[in-house]
Amino acid sequence: MRPYGLPRAARSRCSRRSQEGEPHNMSSDQQYPYEPQQPYQEPYQQSYQQPLHDSGATQTWEAETWDTQYQPVVRPAQSAADSSYLPPQGAYPLPPEAPAPAPAAHEPPAAADGSAAPGTAGYSAPTTVGNARITDAQRARAEGRSPIIAPGMQPAGLTAVLGLLLAGGAAIGSYALLVPLVLLQAVTAAGWFRLNGMWPARQGIALAFAGGLAADAVLLGIGRENAPAAIIGTLGVWVLLTLVLQLRSHADADERMSGLMATVASAALTILAAGHLAAADDAVVVGGIAVAVAVLVRALPLPGVASVVLSLLAATGAGIAAGGPTDIGSNGALLGLAAGVCALVGLRVASYDYPSRFVHMTAGVALPLTAAAPAVYLIGRALG
């Protein structure tokens with residue numbers, strides 16, 4: 001008799017489960033004579049808990065998965081091993097390093113950070129050559145050199161030519177003098193802006209040049225006897241006009257202040273150059289020749305003090321020589337000396353702070369004659 005009405009295979013399976021201590025259900029054994037199914041999520045959990053063998057060509061997903069209850073932990077060693085299969089990208093052998101030069105016996109050893117040891121005198125190469133934020137003038141001062149560079153012989157020759165043109169135009173008449181004077185005013189306006197490090201500044205240059213033209217027009221209209229009122233009045237109007245234009249600017253405060261000062265100074269110098277038109281004709285002749293001779297002698301390769309003394313002596317001699325044929329006579333020595341001093345001051349200003357070649361060919365040419373204009377007007381009027 002078969003117990004429980006089961007077949008022999010089913011009875012042997014039930015007896016085996018009862019010996020192993022596993023519960024069983026007779027109805028489920030009858031309907032499903034196979035092993036019970038595992039839960040749905042168990043294969044996924046087993047796949048995370050039992051990682052498969054990685055051949056080195058697989059990738060590890062390190063971001064968050066859809067399963068919020070389990071986050072895989074990536075070990076650093078495993079991630080480094082996974083990325084070891086990638087080929088090197090642009091790997092080339094480095095060139096051999098050059099051996100550092102051994103310090104001299106009289107030089108103290110440098111510090112660990114590369115700076116000079118305490119008590120070392122002078123400047124090292126990085127502080128005087130390698131620093132790109134300092135200007136040429138600051139580097140020259142740090143190295144013990146002078147930041148003054150004279151314009152040289154070529155600008156001096158142009159100044160001499162322009163001075164002789166002023167002298168020749170004054171000998172002919174006021175309208176003949178106007179042509180080289182306008183050229184002098186244009187070069188003065190452009191050179192002063194570039195000397196102050198402001199370029200391009202077309203509006204400021206045009207404004208300063210227009211002030212010089214206005215002063216010339218006023219002088220020709222009201223006559224030389226009213227020259228002070230014409231020059232000072234034009235200068236006052238142009239200062240006010242410059243203030244109005246700078247107030248309308250959208251630049252920051254520092255830039256507007258720099259532009260204001262440069263424009264006012266350039267307009268003032270350009271208008272003061274009109275003093276050649278206001279001065280007596282004989283004074284302009286003597287002053288132009290004296291400035292031409294002074295700048296030529298100053299450009300000669302001579303020692304500093306000797307060059308200055310010879311320049312003043314040459315200007316004085318040129319004043320005497322040019323004043324002889326005119327009504328000034330021997331008083332031309334004083335006028336020549338004053339014009340020579342003003343010319344050297346103008347050259348000194350144009351030589352300051354490592355100027356460029358453009359500065360030498362504009363401010364270096366014009367400033368000696370422009371600076372001499374007040375002296376030519378005042379002394380010429382006093383001698384006349």
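H11 gives the most to the lining of the second largest pocket, with five residues. This is a predicted model, in which local features need pLDDT of at least 70 and side-chain atom pairs count only at pLDDT 80 or more, while totals for chains, interfaces and linings use all residues. Residues are numbered from 1 along each chain as its sequence is written, and side-chain values use heavy atoms, without hydrogens and water.

A pocket here is an open set of points on a 1 Å grid over the protein atoms alone where a 1.4 Å probe fits, with protein on both sides within 12 Å along at least five of seven lines, and its lining residues have an atom within 4 Å of a point. The second largest pocket holds about 440 Å³ of space, and of its 18 lining residues, Gln203, Gly204, Gln246, Ser249 and Gly259 lie nearest its centre. The helices in the table each supply at least two residues of this lining.

| Helix | Residues |
|---|---|
| H9 | 202-222 |
| H10 | 227-247 |
| H11 | 253-272 |

By class, the lining has six nonpolar, eight polar and four charged residues, with Gly counted as polar.

Elsewhere, helix H13 (residues 281-298) packs with helix H16 (residues 357-383) at an angle of about 145°, their axes being 10 Å apart. The crossing of H13 and H16 is right-handed. Contact (heavy atoms within 4.5 Å) involves Ala283, Val284, Gly287, Val291 and Val295 of H13 and Pro368, Leu369, Ala372, Val376 and Gly380 of H16.

Thr316 lies in helix H14 (residues 304-323), and its side chain reaches the backbone oxygen of Leu312 at 2.8 Å.

Methods: Grid points are joined across faces, edges and corners, and a volume is the space filled by probe spheres set on the points. Helices (H or I, at least four residues) and strands (E, at least two) are DSSP runs, numbered from the N terminus. Axes are lines fitted to C-alpha atoms, for helices over the stretch in contact, and angles run from 0 to 180 degrees between N-to-C directions. A crossing is left-handed if the near helix is turned anticlockwise from the far one by less than a right angle, and right-handed if clockwise. A polar contact is a pair of N or O atoms within 3.5 Å; within protein, one must be able to donate a hydrogen and the other to accept it, and residues adjacent in sequence count only if both atoms are side-chain atoms.
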